Amino acid sequence: MANVSIPLPRNGFSKPNYSTKRPCFTPSASTLRISCSGVAEFDGSHQKKGGLFNFNGIKGVACGILAACAVTSAAFPVTAATQRLPPLSTEPNRCERAFVGNTIGQANGVYDKPLDLRQCDFTNEKTNLKGKSPSAALMSDAKFDGADMTEVVMSKAYAAGASFKGVDFSNAVLDRVNFEKADLEGAIFKNTVLSGSPFDDAKLDNAVFEDTIIGYIDFQKLCTNKTIGDEWRVELGCR
């Protein structure tokens, strides 16, 4: 088991340190620290161990993603559930804009006009959402049941109350997405980066967390959701 520890100074970045300590995320007055652990391949052999923050191959790169998210999360928090949302868009074919996504500011949710997908129905959409970037999208009360959302990049999206039953989020980046009270029953988070995304009161029955990449603080919050199945609580390391 190898740990990758990336200290993040407030005023810049320094080279990563390598440690054998338990993964941790420890804010302090001068630094933010993200640590990720996973399987190391040094001699060509492959060993897989259960536990927190599994890595395969190039997954160490995800640590950099988590580190960047840790820095930006404080400045760009997930939309609060009590925040007033804009009126529902009257734009014709607004739901079809999901098939294009946000093309100008994927990481920070910058947009020229809101990507309003509220109340849209993408049930069993297997082609047009894959690999898209619905960043900063308003998704509350939308239906994505059974959709293929592999490799999507969702940053700062508001998906409270949306339905994602059986959605495949494999190899996706879900950064600061508000999943409060969303229905994620049977969703697949395989090799998925989860950073700064709250799952308060979300339904996670039968959700799959295989090789999920998640920061320590986010992991602690996720484990408070009691709908996660026993098998995946063990996989994640929830106590």
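**View 1. Val153 stands opposite Val173 in strand S5.** The model is predicted. Three bridges join S4 to S5, and the two strands run parallel. S5 covers residues 173-175.

**View 2. Four strands make an open sheet.** Their order is S4-S5-S6-S7, with parallel pairing. Strands of a sheet pair through backbone hydrogen bonds, either parallel or antiparallel. At the edges of this sheet stand S4 (153-155) and S7 (213-214). Each has a single partner strand, so one side of each is left without a neighbour in the sheet.

**View 3. Nine named residues can be picked out around the second largest cavity.** The lining consists of Ala98, Leu117, Leu129, Lys132, Pro134, Met139, Phe144, Met149 and Val152. Eight of these residues are nonpolar and one is charged. The lining has no polar residues. The space inside comes to about 30 Å³. The structure holds two cavities of 30 Å³ or more.

**View 4. The chain as a whole has three helices and seven strands.** Along the sequence, the pattern reads β-β-β-α-β-β-β-β-α-α. The chain counts 239 residues, and 46% of them are buried. Among contacts with a separation of 6 or more, 33% link residues 24 or more positions apart.

**View 5. The surface of the chain exposes about 12000 Å².**

Definitions and conventions: Residues numbered from 1 in each chain as written. Predicted model: local features only at pLDDT ≥ 70, side-chain atom pairs only at ≥ 80, totals over all residues. Heavy atoms only, no water. Pairing = 2+ DSSP bridges. 1 Å grid on protein atoms, 1.4 Å probe; cavity = no way out; pocket = protein on both sides within 12 Å on 5 of 7 lines; lining within 4 Å. Points joined across faces, edges and corners; volume = space filled by probe spheres on them. Nonpolar A, V, L, I, M, F, W, Y, C, P; charged D, E, K, R; others polar. Buried < 20%, exposed > 50% of the residue type's maximum accessible area, 1.4 Å probe, protein only. Contact = heavy atoms within 4.5 Å. Areas by Shrake-Rupley, 256 points an atom, 1.4 Å probe, with all protein chains shown as cover.
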